[in-house]
Amino acid sequence: MERGETSSDAALREVKEETGVDARIVERVGTIRYAFRVRGRQIAKTALFYLMEYVGGKASDESPEVRAVTWVPLGQVADTLSFANEAGIWAKAQGLLEQRLARSA
């Protein structure tokens, strides 16, 4: 996060910078904490996940931090995840989406 940013501000900025997409936060989904080593030094990270709604922009993978940007059908998201803790976040996001759809029906 940059100085003065909230976690939600940072999430929206990162999505825009890394994908070219403008979004609106619908709800916070969850948190993943993990650690890794860089040149022998342990780095602790916390990743906050938000359910977001697309509001504009054109998807792009021009950011050097991103290999590819693609839209994935909801039924195929689980197949694209790399880590078990991401699957838990996706399961929670699916539940939130289902609740929102049920309320709007």
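Student: Among contacts between residues at least 6 apart in sequence, what percentage join residues at least 24 apart?
Tutor: The figure is 53%. Keep in mind that this is a predicted model.

Student: How far apart are Leu-96 and Glu-27, in sequence and in space?
Tutor: They are 69 residues apart in sequence. From C-alpha to C-alpha, the gap is 8.4 Å.

Student: Is Leu-96 buried or exposed?
Tutor: Buried. Its relative accessibility is 8%, and the cut-off for buried is under 20%.

Student: Back up a step. How many helices and strands are there?
Tutor: The protein has 3 helices and 2 strands. Their order along the sequence is α-β-β-α-α.

Student: And the overall dimensions?
Tutor: The C-alpha trace spans about 55 × 30 × 30 Å along its principal axes.

Student: What share of the residues is buried?
Tutor: Of 105 residues, 19% count as buried.

Student: What about the surface?
Tutor: The accessible surface is about 8000 Å². Carbon and sulfur atoms account for 51% of that area.

Student: Which residues make a nonpolar patch there?
Tutor: Tyr-34, Phe-36 and Val-38 make one of about 240 Å². Phe-36 belongs to strand S1, which runs over residues 21–38.

Student: Switching to charges. How many positive and negative ones are there?
Tutor: There are 15 positive and 15 negative charges.

Student: How many salt bridges does the structure hold?
Tutor: It holds 6 salt bridges.

Student: Okay, who pairs with Arg-13?
Tutor: Glu-2 is one of its partners, at 3.6 Å from N to O. That pair links distant parts of the chain, with Arg-13 in helix H1 (residues 7–19) and Glu-2 in the segment before H1. They are 11 residues apart.

Student: Where do Arg-13 and Glu-17 lie?
Tutor: Both lie in helix H1. They are 4 residues apart, about one turn of the helix.

Student: Which residues end up in the network?
Tutor: Salt bridges with shared partners join Glu-2, Glu-5, Arg-13, Glu-14 and Glu-17 into one network.

Student: Among those, is Arg-13 buried or exposed?
Tutor: Arg-13 counts as buried, at 17% relative accessibility. Glu-5 is also at 17%, so it counts as buried too.

Student: And Glu-2 and Glu-17?
Tutor: Glu-2 is partly exposed, with a relative accessible area of 45%. Glu-17 is partly exposed as well, at 47%.

Technical notes: Residues numbered from 1 in each chain as written. Predicted model: local features only at pLDDT ≥ 70, side-chain atom pairs only at ≥ 80, totals over all residues. Heavy atoms only, no water. Buried < 20%, exposed > 50% of the residue type's maximum accessible area, 1.4 Å probe, protein only. Contact = heavy atoms within 4.5 Å. Areas by Shrake-Rupley, 256 points an atom, 1.4 Å probe, with all protein chains shown as cover. Lys, Arg positive; Asp, Glu negative; His and termini not counted. Charge placed at Lys NZ, Arg CZ, Asp CG, Glu CD. Patch = residues over 30% accessible without salt bridge, like charges linked within 9 Å, V, L, I, M, F, W, Y side chains within 5 Å. Salt bridge = Lys/Arg side-chain N within 4 Å of Asp/Glu carboxyl O.
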